[in-house]
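Good morning, everyone, and thank you for making time for this.

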Amino acid sequence: MKKLIAAVALAVTMMSSSFAAQAETKIAVINIAEVFQQLPQRDALQKTLKDEFEVRVQEVRGLESEMQRLYEKREKDGELLGQQEVTKITRQLETMQAEYKLKRKNLEEDQRRRGAEEQQKLMVKVQNAIVEVSKSEGYDLVLPLDATAYAADSLDITKQVIQQVSKSK
């Protein structure tokens, strides 16, 4: 009987200390998607990437328009041109199409890669801002908003994180 009482007392003591620890845990939530949507650096990043790839985009568009011009010439003037000229234009079109596909594929891959690199840099800034806000506000745990079934608005630190990232341009 004494062992049972001791075991119950120990269990109650452990549970009460566990509840006390839980009561002291300060939790916050953050909407990561909203943070990325509202970052001022996002617009600058998009402009930087657009400028970086503008020459190559124009080159691909130029190939596209040249192929369209040759195709229309072949269709429109095909009967007036000799068979050799039509064959020559067809071969030019095939060569240009292969070049176009390769350049377009390489451009898209490079854009995707650079976009991911820049996104990663922004993610590091966001992560640092989350840590700074969490420490300054005394939060022990920060959860993504989409991982929670419900969270009161008072727990949301999204705006503070956006402000913090905005400061670290």
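Residues are numbered from 1 along each chain as its sequence is written, and side-chain values use heavy atoms, with hydrogens and water left out.

The protein chain has five helices and two strands, which are DSSP runs numbered from the N terminus (helices H or I, at least four residues; strands E, at least two), and along the sequence they follow the pattern α-β-α-α-α-β-α. Of the 169 residues, 22% are buried, where buried means under 20% relative accessible area, exposed over 50% and partly exposed in between, with a 1.4 Å probe and protein chains only.

Now to Lys103, which lies in helix H4, residues 83-137. Leaving aside neighbours within four places in sequence, Lys103 is in contact (heavy atoms within 4.5 Å) with Glu59, Val60 and Leu63. Val57 is 46 residues from Lys103 in sequence, yet their C-alpha atoms are 9.3 Å apart.

Finally, pLDDT, the predictor's confidence in each residue from 0 to 100, averages 85 over the protein chain, and 86% of the residues score at least 70. Over residues 6-10, however, pLDDT stays under 50, and the model has zero contacts there beyond four places in sequence. Where pLDDT is low, the predicted coordinates should not be read in detail.

Key:
Predicted model: local features only at pLDDT ≥ 70, side-chain atom pairs only at ≥ 80, totals over all residues.
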